[in-house]
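Hi,

Here is the structure I promised to pass on. Have a look, and my notes follow below.

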Amino acid sequence: MAESQSNADIMNEIRTKFVGNWKMVETVNFDAFLKAMDAPFLGRKMAGTLKPDCEISIIDDQVRIYMSTAVKSQEFLFRFGETFDADIMKNKNKCHPTFVDGKIVFDMDPADSKKKKHKMTREVKDGKLVLTFEVGDVVATRTFERA
């Protein structure tokens, strides 16, 4: 968390910029990200065809990010600075959520040491929600517009 922002200020910024329903409109380099994460070929192809919807809300003092497609849904409910368990692509991870420079950042540590650490960053640019995935030198983005 940025030291200059209180938790109340952060939650207000999230409420103003992030809260709402979002629909994916663009994806860039996502297959390369999944390949770098050692996802199997068929799983990558299926994931590449899905267009998730995203709902971001605040429940009490926690942020909720709910991603859903016709075949799968995933929910993250968290407080900044508190590590939580996340099951992503059938891999267990320790997620370390932070709020830095107006961005929601998840640093992901896989439970299996053979799996790769990665990062997911959500930010609002020009009124669009941009979700950036990073593993090694591979970067992918998925862009969402308000639904």
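Is D61 buried, partly exposed or exposed? D61 counts as partly exposed, at 39% relative accessibility (buried is under 20% relative accessible area, exposed over 50%, partly exposed in between, with a 1.4 Å probe and protein chains only).

Before going on: this is a predicted model, where local features need pLDDT of at least 70, side-chain atom pairs count only at pLDDT 80 or more, and totals for chains, interfaces and linings use all residues. Residues are numbered from 1 along each chain as its sequence is written, and side-chain values use heavy atoms, leaving out hydrogens and water.

Now the salt bridges (a side-chain nitrogen of Lys or Arg within 4 Å of a carboxyl oxygen of Asp or Glu). The structure holds 14 of them. In one of these, D61 meets R79 at 3.0 Å, N to O. Another joins R44 to D31, with the closest N and O atoms 3.2 Å apart. R44 lies in helix α3 and D31 in helix α2, so this pair ties together parts 13 residues apart in sequence (helices, H or I, of at least four residues and strands, E, of at least two are DSSP runs, numbered from the N terminus). R44 is buried at 11% relative accessibility, while D31 is partly exposed at 30%.

Next, strand β6 (residues 91–100). β6 pairs with β7 in the antiparallel sense over eight bridges (pairing takes at least two DSSP bridges between two strands). There, F99 has I104 as its bridge partner.

Cheers
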